[in-house]
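Let's take a tour of a protein model, looking at its pockets and then at one residue. Here is the structure to follow along with.

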Amino acid sequence: MSTSNPVERLANSRHEFGEHGGVNMSIEASTTFTVMAANTMPELFKGGKTPAEGCYLYGRHFNPTVYQLGHQLAAIEGTDAAYCTASGMAAISAALFELCESGDHIVASNTIYGGTYALLHDFLPVKANIKTTFVDMTDAAAVQAAMTERTKVVFAESVSNPTLRVADIGALAAIAHAQDAQLVIDNTFSPLLISPALFGADVVVHSMTKFINGASDIIAGVVCARMEFIQGLMDLHTGPLMILGPTMDPAVASKISLRIPHLAMRVAEHARRAQVFAERLTELGLSVSYPGLPAHPDHDLLKRQRCADYGFGGILTLDLGTEALASELMDVLQNRYRFGFMAVSLGYFDTLISNPSSSTSSEMTQEDLVAAGIGDGLVRMSVGYTGSIEQRWRQLERALHDIGVLEATGC
Ligand SMILES: *Cc1c(COP(=O)(O)O)cnc(C)c1O
């Protein structure tokens, strides 16, 4: 039964058990697989037999444990298939290499993860003659105007890093498809909250290093798409995952798989706390950005595009105006009050705090930072769920008081 609720899709898709009837899938520790008859081998190499039929060839191609984790992610995203990679960057670069050839063109959002920006801005033009035009994705006319006859991909984050603008996925898909381009959405910030494929995205990628894994101990990624697309990534001659080889280890796939069942509870709690903090910070007169605030420019858009069980996501930003003040707040929050940690990344059980302009977005030029609205004083907070919410709020409020921000705003 197809359903618009990602956890219902996940529950409906559960079919894998361990080799000896274990409730959890087994870890397939083999890198190579036997065949029962010699003439099966050539068929495997011609692509005649696939993992969907239970046929495996070699671990860099497909591994059963990694394949089954992909099955879970495909259910969550509502796509036919998915395959997991060694990192989020591997998932993004493989998807783009699958869709673009030398001379092709990409239209991408100007507010994206720094590594993706570097891939598009610095790496692909030099290494592969694939050029990107960066635009404000919330401006449909600008996206349309950037399209060329060589545009093969429109790329955006469902909720952008770190500006928390929400992509209108249906509108972007319409623009892309009218020109035979494909819409690739990085859904790292909003697993379960948004299912981009339901609104027309052709390929959905994740850094599973973040919310999906949830413990900041594993680097991983996934590409979710049509079955033919996933098969294409694994083509023995031209498949970017098969040829470049950013393979996920089956032991890692097993670990992540065991965390998928509580992803829904984690994401809901991250969002519940982020909403409370965002509302209270707003009441204190501070400059807060969070899609759950009615004043956020994309509040209504996200409401139309989301699964309401997961609020408005677990990330908020606070603009303190200057890098000095941002640094002071982060110092006090970590070292005086143990509110969270000064660290990049997100989706961890503890709160992670960073200053994007000097860290995760520092790959961007000063001009591009300004165009994207990433100020020097911006503090990004991935709200964790350890401790009690009132204890965490007291810590945050005291830290703001200590650095003198609350007096300055008259509170
Ligand atoms: C972290 C991140 C990536 C890169 O993922 P890795 O797993 O570190 O390779 C890509 N996109 C977004 C939005 C991210 O936050």
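Helix α4, which covers residues 88-99, contributes the most to the lining of the second largest pocket, giving three residues. Keep in mind that this is a predicted model. The pocket's volume comes to about 280 Å³. There are 19 residues lining the second largest pocket, and M89, Y113, S207, T209 and K210 are the closest to its centre.

Where does the second largest pocket lie? Domain 1 (6-261) and domain 2 (264-409) each give residues to its lining, so the pocket lies between them. Sorted by class, that lining has eight polar, seven nonpolar and four charged residues.

## The largest pocket

Now for the largest pocket, with a volume of about 340 Å³. Its lining is made of 17 residues, and R14, E16, Q72, S257 and P261 lie nearest the centre.

What classes of residue make up the lining of the largest pocket? Eight are polar, seven are nonpolar and two are charged.

## Zooming in on N213

Find N213 in the loop that runs between β6 (203-207) and β7 (221-225). Is N213 buried or exposed? Its relative accessibility is 1%, so N213 counts as buried; the cut-off for buried is under 20%.

Who are its neighbours? Leaving aside residues up to four places away in sequence, N213 touches M208, I218, I256, R259 and R266. With one of these, R259, there is also a polar contact between the two side chains, at 2.4 Å.

Notes. Residues numbered from 1 in each chain as written. Predicted model: local features only at pLDDT ≥ 70, side-chain atom pairs only at ≥ 80, totals over all residues. Heavy atoms only, no water. Helix = DSSP H or I, 4+ residues; strand = E, 2+ residues; numbered from the N terminus. Buried < 20%, exposed > 50% of the residue type's maximum accessible area, 1.4 Å probe, protein only. Polar contact = N/O pair within 3.5 Å; in protein donor to acceptor, adjacent residues only side chain to side chain. Contact = heavy atoms within 4.5 Å. 1 Å grid on protein atoms, 1.4 Å probe; cavity = no way out; pocket = protein on both sides within 12 Å on 5 of 7 lines; lining within 4 Å. Points joined across faces, edges and corners; volume = space filled by probe spheres on them. Nonpolar A, V, L, I, M, F, W, Y, C, P; charged D, E, K, R; others polar. Domains from an automatic or database assignment.
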